[in-house]
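These entries record what I looked up in one structure. I begin with the ligand, then turn to the backbone and to helix packing.

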Amino acid sequence: MKIVRVLILLTFFLGCQKEKISKCDDSIGLFTFSSYPIGTAIDINELEFNPIYKSIAIKQFNSITPENIFKAEYIHPEPLFFNWSQADSLTSFCEQNNKRLYGHTLIWHKQLPQWILNFEGSSSDWEQLMKTHIQTIVTHFKNKVTAWEVVNEAFNEDGTLRNNIWKQKIGSGYIEKAFVFAQEADPNALLFYNDYNLEMNLTKRHSVLSLFNNLRNRGVRVDGIGMQMHVNTSYPEPSQIASAFQEIAANNFKIHVSELDISINPFDHNIEPSEKLLTEQANLLGNIVFNYNEIPDQYQYGITFWGISDKNSWIRNYYNREDYPLLYDDNYLPKTCYCKLIETL
Ligand code: G3I
């Protein structure tokens, strides 16, 4: 008799779960299901000229990351000229719609304006250039940007420091100086370091943790680590992700899953977004979110997707391939992974 009762309960439970997934739509905003912010990267041109894109951004997400317009080539295009227009427009959007704003990114080796690439000067001239860049931007957005991503992608896969222009011109101390400059300009903003492959490259992750623990020991404030999480259905293993979350949190760093997308065509095969592939994508997203939920609340800065619709994904342009890595399809309809996200939050 007991086995019958168990079977009845199991059938009822599975029926409810099926009902929940089958009924999944995006009528209720994602972030309302979550105890931590759910964000998206925003393309300012889509926000300004695509009403469907804008409505999804407002309804589904409560944290915003500028995909490009806070980067040096856009915001500091000339030595004495800062282009605030689009950045201020995004800031106003966030204020009007009660969205948190994450400042991506202050110091990176890509998307630099020509004048910086061509700049000629001493190490202290370069340090002054970096200080002016950081402190002018951070001061402009003081009390409007919740957290600054001070440095992006400073490490190589072998755990050594990337020999980028900042390291070449200022030395390996540029990272510490950047965090100090940002802290001086806005003592209230959280300060993050951001990189990719931290979930699967132990060597790189350990070098990152070692450097930033060392900076902390020297009295430099570093609040969090951004894990980009540009992953795919072939890697990483969920166990790797869980270990990474636990290790970074154990080092007392907030974790921002900062650029999440899940490629279903990492090897550029001629694919269609089959139900099988979309289910694999949803299952990996479920594992990521389940493991993120397991870390202590004080380390959960949030999960940010690197775009809204597959149509907007950088992957298609950068790799020139078909791919479907985000929550919404090309028609701005929620996908299987959207439903799995709601189920798991
Ligand atoms: O703004 C110009 C536009 O004027 C021109 O007409 C157009 C023609 O190609 O190019 C536009 O610039 C493009 C820019 O995105 C804005 O759309 C650049 O060519 C293009 O390279 C740039 O790509 C961005 C990429 O970073 C650059 O490395 C992607 O949108 C952006 O999603 C991507 O994001 C990075 C993160 O910032 C850091 N982590 C990795 C992530 C993926 O690469």
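How far is an oxygen atom of the ligand from an N or O atom in the side chain of Y74? I read a distance of 2.8 Å for this pair. The model is a predicted one, and I keep that in view throughout.

**Entry 1: ligand surroundings.** I looked up the residues around the ligand and found 14 of them. The closest are E67, K71, Y74, H104 and E259. For H104, the distance from its side-chain N or O atom to an oxygen atom of the ligand is 2.7 Å. For N68, the corresponding distance is 3.0 Å.

**Entry 2: backbone.** I next checked peptide bonds and phi values. Most peptide bonds are trans, and most residues other than glycine have a negative phi. H104, listed above among the closest residues to the ligand, is joined to T105 by a cis peptide bond with omega of about -10°. I place T105 in the loop between strand 3 (100–103) and helix 6 (114–117). A cis bond also joins Y235 and P236, with omega of about -5°. P236 belongs to the loop between strand 7 (230–232) and helix 11. For N98, I noted a positive phi near 55° in a residue that is not glycine. N98 sits in the loop between helix 5 (85–96) and strand 3.

**Entry 3: helix 11 and helix 12.** I looked up the packing of helix 11 (residues 238–250) on helix 12 and found an angle of about 25°, with the axes 9 Å apart. The two helices are therefore roughly parallel to each other. Their crossing is right-handed. Helix 11 contributes P238, I241, A242 and F245 to the contact, and helix 12 contributes L284, N287, I288, N291 and Y292. By class, I recorded seven nonpolar residues, two polar ones and no charged ones.

**Entry 4: helix 12 and helix 14.** Helix 12 (residues 275–293) also packs with helix 14 (residues 336–344), at an angle of about 25° and with the axes 8 Å apart. Because of that angle, helix 12 is roughly parallel to helix 14. The crossing of helix 12 past helix 14 is right-handed. On helix 12 the contact involves L278, Q281, A282, N283, L285, G286, V289, F290 and N293, and on helix 14 it involves T336, C337, K340, L341 and T344. I recorded this contact as seven nonpolar, six polar and one charged residues.

Terms used. Residues numbered from 1 in each chain as written. Predicted model: local features only at pLDDT ≥ 70, side-chain atom pairs only at ≥ 80, totals over all residues. Heavy atoms only, no water. Axes fitted to C-alpha atoms, helices over the stretch in contact; angles between N-to-C directions. Helix = DSSP H or I, 4+ residues; strand = E, 2+ residues; numbered from the N terminus. Parallel < 35°, antiparallel > 145°, perpendicular 65-115°, else oblique. Left-handed = near helix turned anticlockwise from the far one by under 90°. Contact = heavy atoms within 4.5 Å. Nonpolar A, V, L, I, M, F, W, Y, C, P; charged D, E, K, R; others polar. Near = heavy atom within 4 Å. Polar contact = N/O pair within 3.5 Å; in protein donor to acceptor, adjacent residues only side chain to side chain.
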